[in-house]
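Please keep the sequence and the structure in view while reading.

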Amino acid sequence: MPYATLCLLWMAALLLGCQSSPRLPAESQSLNGHWRFQPQIAVDAAPAQPEFDDSHWPEIRVPGNWSSQGFDTQGAHWYRTRFQWQPQSQSAGQRLWFEGVDYQAEVWLNGQYLGQHRGYFGAFYFDVDTELKPGANLLAVRVDSPLESQQGDSWSLHKTLIKGVLGHHDTRAGGAWSDRGQERNTGGIWGRVWLQPQGEVRLNSQRWHSQIDADLSRGQWQLSYLSEQQHLGEWQLSLTPVNFQGQAETWRQPGQLPAGDGQVTLLIPEAKRPLWWPRERGAPNLYRLQARFVSDGQTLLHSQQTVGFRSIDYDGQLGRWSVNGQPLFLRGTNYIAHQFLSQADDSLLLQDLQLMQQAHINVVRVHAHLLPQRFYDLANRMGMLVWQDFPLQWGYQDSDAFHRDAQRQLAEMVAQFHHHPSIITWSAHNEPPWDADWMRYRYQDYHPKQNEQLDLALYQSLRRLDPHRPSFALSRTAEHPWYGWYSGHWTDYGAPAKEKLITEFGAQALPDAPVLYQLLQAPADWPALPDDWSQWQYHNFQPHETFELAGIEPGPNVLSLIDNTQRYQQTLTRFAAESYRRQKYQPVGAIFQFMFVEHWPSMNWGIVDYRRNPKPGYQALKQAYQPLLPSIMHHRDRFSRHEPVPLPVVIINDHLHTLPGSQLTLTLHQGDVVVDHRQQQLHIQPDSVLALAPFPNRLLTPGRYLARATLHDDHGRHLASSQFTFEVQP
């Protein structure tokens, strides 16, 4: 087995071993397993009572989304589980935790109402000191995940559920604009459920922020707590390396915890420490930060969090991102891991992140939704940057109640996810109505100012809640050019860019034949092309854009259509990515291909299908995203024998080191024959774009050609390469 493969397998095992679903806190009691489930809409509260007979109800796994377990349903449903509990003498009380419920949860313990939570992504808890009893206990949860499409013809312009792409999107089951666009409802208790012992002082929340000054770092850790009385004592803090060899730091300092709801800010002193870096720039060094408040020899409060020391900056004037003061061009992708969050387990997330890094992707946009915490834990360890959207996609109701709910959930997002060093920015809304002129052609009641005040208010909240990260009010339609799919031609990507951020570009492509065959459930006339595309459209295929706008030829059968769509996606992806990279900081500072994987059995924009098989578009992006790229390409792949063939050659270096004495080799092959060969010594500057003379820039005889560009360092070691194929016609 090759050494590189062994290293990859070792890293995968290490990451899974260290970052399988986060362990529950010590002495916690898991309530996961098989619960009773009522798969019919139920509105009364009788199932909350212990004496209610649920023996005739089917079982369902928790954690798990109900549709992923064969319950094709939506609306309000009951969950019930019985469990045994015995008190521990050292515990002052118990806290009942839910990692995530889609969408609204109402909770009863032993018939006593605990409260409710609204929103699919947030973890929440209830203190159950009086409701929990020794011996047998009954937990009942009413979960409501309704369909918004029952609200009228223009429901998708006035949504009220903050579910982003999980509720309404062009890549979800059925597509965005069909009557079936909300099938396979995502409702359910998708996250873990557990009981956690509580001390005399209870930790409610924690906030972490690091600051970098030259090679020195320091931090602030803010803890919010609840205490029934005032305590005097001592803080014992430690900072321990997690994924690298280093010395632990410890501190002791006197402190006090006043009674009631309080906050304390703990300062991590300035020191020279290994920083957290994206993998491209260094090691993603992480620390375990722990704090204990000890009074009279007893630990009253204990908290820990995994953190990194790093800084993020975005210069909107120059379009330039920097990490720890060093510039970094963002080569990104858009990502939805799975339509059911319970299915986005560690192995799936790790596989996807590894595929991204192998394709030289250094940032992933979690597109208009939030993933489970385990994804961000993996991104932290792997040095993958994350652009995080809030789950707003297209149009929402502009009522005061909705605005308040959006503000509450936005604060919940920042509070629960802010500590991840991998997250570099927040964005409040993807293509809101006030920035999406195309909506006027779809909705009769479209208003050009809809959601504008909502988004501006959310943006101000992001700046207040997390002033240490760049934030955006929206991901703008102008940043999503979609040439060659929804408008224009794919060669339009070669025109000078007007935007500094390109957060979506791409095209659809079918998966390979075995996957498509299985997806379509083996039609009897396979591989004949269908007369009716409705089954394909349910799986997100867009025939109008494919055949009319992109101009892709269907060919004689499905096999030819697969090949044609894959070659089109491959061509567009490479041309767009390299064109934008050639415009680094002039004005482009970040690009995001759309979409990385297909997150359900579908046929859409993914360059990796839902079975995690890369399409040719993946290889195109992998070539185009090399940090050091000898880019050789043209917007045409057919030339006449009567015209010179000028292939523009550009050297793009995203590294921060100089490459003196590098050698560029350009070769032109016609079959097995080398018809042109040139070499050139180059002095490649750091973080640069160097345009060279076109190649071969002369007349050629008819035939198929392959042009290859290769870079070696001054010791003859291979650095990077790319190639371009074209045809000269008679």
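The model is predicted.

- Arginine 95 belongs to strand β5, which covers residues 93–98.
- Arginine 95 counts as buried because its relative accessibility is 2%, and buried means under 20%.
- The side chain of arginine 95 comes to 2.7 Å from the backbone oxygen of leucine 203.
- The side chain of arginine 95 also makes a polar contact of 3.3 Å with the side chain of asparagine 204.
- Leaving aside residues up to four places away in sequence, arginine 95 touches several others, including Tyr125, Phe126, Asp127, Trp194, Gln198 and Arg202.

**Strand β9 and its partners**

- Strand β9 spans residues 135–145, and nine of its eleven residues are buried, so the strand is largely enclosed by the rest of the structure.
- Strand β4 (residues 75–85) pairs with β9 in the antiparallel sense over eleven bridges.
- Within β9, alanine 136 is the bridge partner of glutamine 84.
- Strand β6 (residues 104–109) is also paired with β9 in the antiparallel sense, over six bridges.
- Within β9, aspartate 144 is the bridge partner of glutamine 104.
- As background, side chains in a regular strand alternate between the two faces of the sheet.

**An open sheet of three strands**

- The strands of this open sheet follow the order β11-β12-β15, with antiparallel pairing.
- Strands β11 (201–213) and β15 (260–271) are the edge strands, since each of them pairs on one side only.
- From one strand to the next, the twist averages 15 degrees.
- Strand β12 (residues 216–227) is joined to β15 by ten bridges in the antiparallel sense.
- The bridge partner of serine 217 is alanine 271, in β15.

**Cavities and a pocket**

- The model has two cavities of 30 Å³ or more.
- The largest cavity holds about 110 Å³ of space.
- This largest cavity is lined by 17 residues, and those closest to its centre are Pro146, Lys163, Leu166, Gly167 and Gln182.
- The second largest pocket has a volume of about 1,100 Å³.
- Its lining consists of 43 residues, with Asp170, Trp177, Tyr486, Gln542 and Glu545 nearest the centre of the second largest pocket.
- Strand β26 (501–505) and the helices α7 (534–538) and α8 (543–549) are the elements that each give two or more residues to the lining of the second largest pocket.

- Most residues other than glycine have a negative phi, and most peptide bonds are trans.
- The peptide bond from aspartate 102 to tyrosine 103 is cis, with omega near 15 degrees, and tyrosine 103 lies in the loop between β5 and β6.
- A cis peptide bond also runs from phenylalanine 695 to proline 696, with omega near -5 degrees, and proline 696 is part of strand β33 (residues 688–698).
- Glutamine 521 has a positive phi, near 60 degrees, and is placed in the loop between α6 (513–519) and α7.
- Glutamine 521 counts as exposed because its relative accessibility is 66%, and exposed means over 50%.
- Tyrosine 585 is not a glycine, yet its phi is positive at about 60 degrees; tyrosine 585 sits in the loop between α9 (558–581) and β27 (590–593).
- With 10% relative accessibility, tyrosine 585 counts as buried.

Definitions and conventions: Residues are numbered from 1 along each chain as its sequence is written. This is a predicted model: local features need pLDDT of at least 70, side-chain atom pairs count only at pLDDT 80 or more; totals for chains, interfaces and linings use all residues. Side-chain values use heavy atoms; hydrogens and water are left out. Helices (H or I, at least four residues) and strands (E, at least two) are DSSP runs, numbered from the N terminus. Buried means under 20% relative accessible area, exposed over 50%, partly exposed in between (1.4 Å probe, protein chains only). A polar contact is a pair of N or O atoms within 3.5 Å; within protein, one must be able to donate a hydrogen and the other to accept it, and residues adjacent in sequence count only if both atoms are side-chain atoms. Contact means heavy atoms within 4.5 Å. Two strands pair if DSSP finds at least two bridges between them. Axes are lines fitted to C-alpha atoms, for helices over the stretch in contact, and angles run from 0 to 180 degrees between N-to-C directions. On a 1 Å grid over the protein atoms alone, a cavity is a set of points where a 1.4 Å probe fits but cannot get out, and a pocket is an open set with protein on both sides within 12 Å along at least five of seven lines; lining residues have an atom within 4 Å of a point. Grid points are joined across faces, edges and corners, and a volume is the space filled by probe spheres set on the points.
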